[in-house]
Amino acid sequence: MADNSPKIKLYWLNHSRSQRIIWLLEELKVPYEIEVFHRDKETLLAPKELEQIHPLGKSPVIAIVPPGGDASKPIVLAESGFMTQYLVDHVPDGKKLMPKQWQDGKEGTIGGETEEWLRYGYYMHYAEGSLMPYLVLALVMSRLKSPQVPFLVRPITSIIANRVIAMFVFPNVNKHLAFLDQQLATSGGKYLCGDKLTAADILMSFPVIAGSSRFDELGYFEGGSWEKAYPRVAEYVKVLESEEGYKRSVEKIEAIDGKFEASFLHSLAKWTRIPVANHTPRKSSRQELPSTLKHLLCRATIRGQFVGNSRARIRHVRIKDYMFAMRLSSASGAGTGAIAWFSSTASAASHQAPSSSSTPHSFRQTSEGTISKNGNPRQPSFSQKASASSRRQPRRNKDASAAVALFHDVVQKSEAAAPRELPARPTSRHSSASTVLGEWEVAAKMKELEEKDIEPLERLRLFQNDIWPHVKELRGQIPKHLYLATTNFLARTFDAVVQQGLTGASVALSKMCATIGKWDLDMRNQLVLNLCHTLISKKHTSAERNALVDELLDMWKHISQLRRMSQLHNGRLCFVLPSEDEIIEDISSSSASLTKQTESGEAKSSNMALTTKALASIFIQFQFEQARELVSGLLATLAALSDPRLARDGSQIKAAPLLNLVSTVLNHQPADAAYVNDIFAGKVRFPSSKLADLQSYVLAQWPQARDMVLRPDSEWRKSTTSSHKPSRSSSEFSRLSVFHKQLRDAYRSRNTGAIVSIWQDLNASLNQDQDLRRQMSEDPDFLDFWIFVWCAVRRPQKLQETLDVMREVGIQPTVRSYTNMMHGWKMCKDADRIEALWNKLVESGLRLDAVIWTERISGLIEAGKPQSGIQALAEMQSLWKKAVASRGSVESAANVAVQPNTEVVNAAFKGLIGLDRRAANEVLYWAGREGIEPNIRTYNILLRESLRNSAPEDVQSLLRAMRKRGVEPDAATFTILLEGLLGSMDNASAAEQVHVVSQILGDIEAAGLRANLETYGKMLYAIALLAKGGADEAIAAVQDHMKAAGLSATPHMVTILIERTLSRDPLPPDAGATVRALLKEHGLSSVTQGDQTLWERVMSAHAVTGDKASAMAVFHDLARAGRPVTSLPCLTDLLKALLASEDAEAVQDARQVVGVVLDHKLKSAAAEGSFGRDTRYWRHHFWYLARENGLINWQDVPAVLESQLRG
């Protein structure tokens, strides 16, 4: 029999379409031999040796020697369709893969063919002739977006690629899938040509199976995925994958290459996906081998073996080491990588890891019953998608990974009992509770909402109720397309509100914009102007007017809270403003700078009017250029509040904190009608006709508005002595602020003695000052911070005293108080107290939130009890699952339990990664299985760890993963990259440093971000920290890029450059000239320009470089400006330089320096009530030099201080 069989050899190439020819040969039951070729790892091209088989060097190619034929002259066939047709026609078992050709009685006639045979013939050519070209084009377009494209060109090629995919590839793929779905509906069976498998189905298997994991990446399908849009095609894919011949072909490829993945994009894996665990687990028999033997077996080269079917002889097989995820393969666990969570095959990789004493099978069962399939309001995680994909691969092992023993012992046991209480649901990447929307569903609902013919406010209400909760849930990881859709929707709604004069939604609209990171003050100013215009242009009832004024004041409260970290978790609208003293200081500084520039004839550094600058300083969290956008709205608000027809005195009282600061500004910088006119005549974005109305109204009302603000007996001023909370500028509140500042400074320096002294002073003041007590009762955050400090410095007795004070002033401890307590114990690593507090809180029945759960978990891990921390994480998830199971919905469950979120996982991961990187990876993997998506903070932690471990390949993989998942980098991302990449270039050449600078700045721009002054400052600082201060060319590259962006160096940057000059060893002989040149280059000629830190460093630089006269000149200038030098290191440099000259005049200067510093310190200590606390200050080397050289006038030193100074 063997002599009558042809001899067939398949020339197989990895990452090609050869698999379906193996499937065909398996179905034909003919003996065949495989000769293996591998692509070049760098170019991904086929080896030249294939050209000896076929001139085009393509694969698959088969060589057939007929029975009794000449083996040296085989029939060589290429093209899958031709090979398939030839073999089916010539091999006996080929007939079973062909449908019946003729209808009975119509043999040999045109039109006598059966429908099945016509379909068969069509699809034999359709696979390669019609469908594959679009998939190949998608592959080519993906290459245009890969790092192989030159960096500077890549943004352009990416735009072109995206446009081609959107306008050409996706519409055609969508059309073909619709066509196939319809064809399957009418085929009369589960295959394309009827109810039996044909060779046409085998040819079609590659495009549909390979594309199944990539179609969704091309565009949006109805229902949110191609599987939902075309369910018959999805079912057809599963049918093909379940065929025994297909399974055997997969086994052959796994044996040949160690992995199998049907993907027309697989050849781009090294560029477009993280290179983690690109493998498929082996047969279960290998799972039983010791991990060391298995690891060695993976590297074996097998020659001349028979694998599977005895007739399929493998001549040359290389089994590569793809058994484990990156850095997870080592039996010792050393060197574990930090990014396994984000691999598309990470779950499969982990599934295959060696089993521990725990039972991974039960872990799989519990993880498959995860909350993401029972009501998790998040999109399915990447790991879940991979798992769904792997389920389509028949040969993939379904066992879950053997995780780190620590994690298994805790999480597995905690969850083992939970699944029984959970409703069983289908495991699909699209399955979710009815209330859960994935990103594409959200986009679809948003599009549907946009198309509805309804009023803008009704549309906004529907958006807020039905769509916004899902967008908020994705915050920090929102895909780019959804972010753009959301911002466009909010922008259109904002335009409608302003154009149509709509009210009632201003604050909600502004808050939603803030949530997704849009801080534009210009937009918010238009909302304010819209409210003011509505007030003056329409008739309203008294209730309507009051509601409009309240909305107007709420907008100002909201604006004052923007970009303030202290307000992140404050759901209450309130004014959060700077103190009156800070406003006055800003006004004085601006006036002095302008006077100096005028006297010296210098060009003005800013064309902004002083009044505008002073009003902008009220919103201190923003830069002047940003905050000036609010001035027109502020003036219109003042006019409306002063109009008795529109606002009552009660409204003025509500606005008292804001009016108080405006009063301070106008007392120092008057604003007449001409100023008001200039403001409205300037660049104010608002509909022109409405702006003209407002301008006329404000000008007419301005005398009354100014009188309301400046009159000493204005009604609003009475609020400072009434039950209303006084403004932050009141003396009592300022005093409370002083205590708070003193405490922060003392804790930052870990000066426990000073902390205790401040506490004693505070208690003494409370007994004497009832207003201070009242202010404290209205600022619970102040005492909460005390709670944190006492726990951090291990003073339980003082903690009890603080709780007693809270009761005395009428403050009840809240969850936030206990969170601060737990945070303090985390700082001092007291895990026992964290657990004891938690048990008490649970017993009390207090409603606990995600923040305190996070603090507990991270606290236990960082305090040295990682097992307890992971146990807490498992407990949190278990309680949530039980709540969902018992309550039936996510909304109801949220009333009794807290759902683990990304921030909880981030906290656990951040703590674990320094203790056990492998355990940290397992937490991430578990999170992915539970449907908890990574956000930008997760990636930032991973990036920092990769850079710390000098793994640049991991960094590139992470950045690619971020782009693929649509996670946008933030400022922290680039700070980490700056510090990590630039900080590792000590031995790099100047050209290499410049290249890295250009690459980082280019990546920032490619990410759609704009480098700001902070970014440039950090780059300069990172370069300056390199050996010898870094390359001058790298510094110049940063400065040139900054100038091209239209930005000027800040005083902080100049300080960095000066310190870079002084850090060189030995000190260059021209260092002094370099410092003077830097000052001149940046237009810094007097202490009225720049900041305090800069001029203290300038003074130090002059002293170090031997220019004592210039150093003393700066010292005296700062003293005369009321800003004497306070930096003891800088003062030490000056003192050393003066004493080194050993002449009488220099010694007298040194004595004067010590006297000025001593006098200023004693006055500030007396003003702050901190005299005698800062013992470390008086132990500084500066005071040692002063004492040893007789520079202290002891008559000026208080007796209580003399003993410290005399040592």
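Which residues make a nonpolar surface patch of about 260 Å²? The answer is in the first of the views below, which show a predicted model.

**View A. V153, I156 and I160 make a nonpolar surface patch.** The patch made by these three residues covers about 260 Å². One of them, I156, is found in helix α4. I156 has a relative accessible area of 52%. Exposed means over 50%, so I156 is classed as exposed.

**View B. H176 is buried in the model.** H176 has its place in helix α4, which runs over residues 154-185. The relative accessible area of H176 is 13%. Buried means under 20%, and H176 is therefore classed as buried.

**View C. The side chains of H176 and Y126 make a polar contact.** The distance given for this polar contact is 2.7 Å. Which residues is H176 in contact with, leaving aside its neighbours within four places in sequence? They are Y126, S130, L131 and Y134.

**View D. Strands β1 and β2 pair in the parallel sense.** Strand β1 consists of residues 7-13, and its pairing with β2 extends over six bridges. For L10, the bridge partner in β2 is I34. Strand β2 consists of residues 32-37. Is β2 mostly covered or mostly uncovered? Strand β2 is mostly covered, with five of its six residues buried.

Key:
Residues are numbered from 1 along each chain as its sequence is written. This is a predicted model: local features need pLDDT of at least 70, side-chain atom pairs count only at pLDDT 80 or more; totals for chains, interfaces and linings use all residues. Side-chain values use heavy atoms; hydrogens and water are left out. Helices (H or I, at least four residues) and strands (E, at least two) are DSSP runs, numbered from the N terminus. Buried means under 20% relative accessible area, exposed over 50%, partly exposed in between (1.4 Å probe, protein chains only). A polar contact is a pair of N or O atoms within 3.5 Å; within protein, one must be able to donate a hydrogen and the other to accept it, and residues adjacent in sequence count only if both atoms are side-chain atoms. Contact means heavy atoms within 4.5 Å. Patches are made of residues with over 30% relative accessible area and no salt bridge: like charges are joined within 9 Å, nonpolar side chains (Val, Leu, Ile, Met, Phe, Trp, Tyr) within 5 Å. Accessible areas come from the Shrake-Rupley method with a 1.4 Å probe; for residues, only the protein chains shown count as cover. A salt bridge is a side-chain nitrogen of Lys or Arg within 4 Å of a carboxyl oxygen of Asp or Glu. Two strands pair if DSSP finds at least two bridges between them.
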